[in-house]
Amino acid sequence: MNRFVERHPVWSLLILIAVVVALWLIFATWPQGLEEAVGRKKVFLNALFNGITLGGLYFLVASGFTLIFGLMRNVNLAHGSIYLFGGYIGYTTDNLTGSWLFSFVMAFVAAALLGVILQVLVFRRMEGQDLRQTLVTIGISIVLADLMLWGFGGDFYQVQTPAMLVGPAPLPFVVAVKSSGEAVYLQYPIVRLVIFAASVVIGLGMWLVLNRTRIGMIVRAGVDDRDMLSVMGVRIQLVFVLVFAFGAGLAGMAGVVGATFQSISPGEDTRFLLASLVVVIVGGMGSIPGAALGALIIGLAEQLGSVYVPTYSIVLTFLIMVVVLAVRPQGLLVRR
């Protein structure tokens, strides 16, 4: 942090000012003139928290993508189809068993098995051939999309939120003050808060495993020099299969998350594949903290943009990507 301040004093000052302004907008009571110019504070805070929780969903999808694409150098453009597949599996499991938590387990297992099949039958035969991997996985995603359309139709599906997570929770953010002087606090859905907290825990766990354990060391070493690692007796192909399965399983679990507080339908696979690509490009390939930061930025840009600049909300996310590529092409949290 000190080095960054020393090297970039202007950027450090701008970031500090932005943080102070953001904290004031969140915690302070807005004056009447600001509400007339911008809108109600409740709308702003809802958009802010929607962006943060959407960022948690994007992180679950993109973290698996960054493991497969950023660390293992496998160009898997069928990742969005795995997300949608996991959502359908979770919806079916929830309908049959009535268990929301078990739907996550089944979605993870089913998506992980699909990931194993892809890694063994496709990527192992085309290692280092990025163009072939791209073309083949595009074809696979089209086939999977058609199969899911055939099996589930074109309807929208939503996984039922468990009873304990239904309803809003009061948050310590004042959105207005009544004429009597009583403060009105923000109410926000419990399920979104729980899912965001779970994504934070998963992200921290992944970072610790990759950077503080022997398994993470093996994965990173296998990407750099798999031949040397194989000579040392490590079954590198098995390691890569397990990593690919875990990344695909995360996408499957994210499908259940998306089906819970949004919905799933044909076309969601493309949307989340594009979101994952943007998140990984913004945050940096192979970086779990980068995926978290990129997901947060893109989630906030989408939700705040849809409220304040709805005509250009989609353009805003790609504008962020273009700026990052121009200024820091390796990503925000990846060193040169």
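In the predicted model, Leu193 is partly exposed, at a relative accessible area of 27%. Leu193 belongs to helix α8, which covers residues 190-212. Once neighbours within four places in sequence are set aside, the contacts of Leu193 are Ala169, Leu171 and Tyr188. Ile236 is 43 residues from Leu193 in sequence, and the two C-alpha atoms are 38 Å apart in space.

The protein as a whole contains 14 helices and two strands. The C-alpha trace extends over about 70 × 55 × 35 Å along the principal axes. Of the 336 residues, 44% count as buried. When contacts between residues at least 6 apart in sequence are considered, 70% join residues at least 24 apart. The accessible surface amounts to about 17,500 Å², and carbon and sulfur atoms account for 69% of that surface. The protein carries 20 positive and 15 negative charges, and the mean positions of the two sets are 9 Å apart.

Lys41 is part of helix α4, which runs over residues 41-71. The relative accessibility of Lys41 is 1%, so this residue counts as buried, the limit being under 20%. A polar atom of the Lys41 side chain lies 2.9 Å from the backbone oxygen of Ile26.

Residues up to four places away in sequence aside, Ser265 touches Leu84, Tyr88, Asp155 and Phe156. The C-alpha atom of Ser265 is separated by 6.4 Å from that of Gly154, a residue 111 positions away along the chain.

Another loop residue, Met232, is located between α10 (226-231) and α11 (236-261). Its relative accessibility of 62% is over the 50% limit, and Met232 therefore counts as exposed. Met232 and Leu71 are 161 residues apart in sequence, with a C-alpha to C-alpha distance of 20 Å.

Arg328 lies in the segment that follows α14 (313-327). With 27% relative accessibility, Arg328 counts as partly exposed, because this category lies between the limits for buried and exposed residues. A polar atom of the Arg328 side chain is 2.8 Å from the backbone oxygen of Gly331. The C-alpha atoms of Arg328 and Val282 are 8.8 Å apart in space, while the two residues are 46 apart in sequence.

Met232 is an exposed loop residue. Among the partly exposed residues are Leu193, in helix α8, and Arg328, in the segment after α14.

Definitions and conventions
Residues numbered from 1 in each chain as written. Predicted model: local features only at pLDDT ≥ 70, side-chain atom pairs only at ≥ 80, totals over all residues. Heavy atoms only, no water. Helix = DSSP H or I, 4+ residues; strand = E, 2+ residues; numbered from the N terminus. Buried < 20%, exposed > 50% of the residue type's maximum accessible area, 1.4 Å probe, protein only. Contact = heavy atoms within 4.5 Å. Areas by Shrake-Rupley, 256 points an atom, 1.4 Å probe, with all protein chains shown as cover. Lys, Arg positive; Asp, Glu negative; His and termini not counted. Charge placed at Lys NZ, Arg CZ, Asp CG, Glu CD. Polar contact = N/O pair within 3.5 Å; in protein donor to acceptor, adjacent residues only side chain to side chain.
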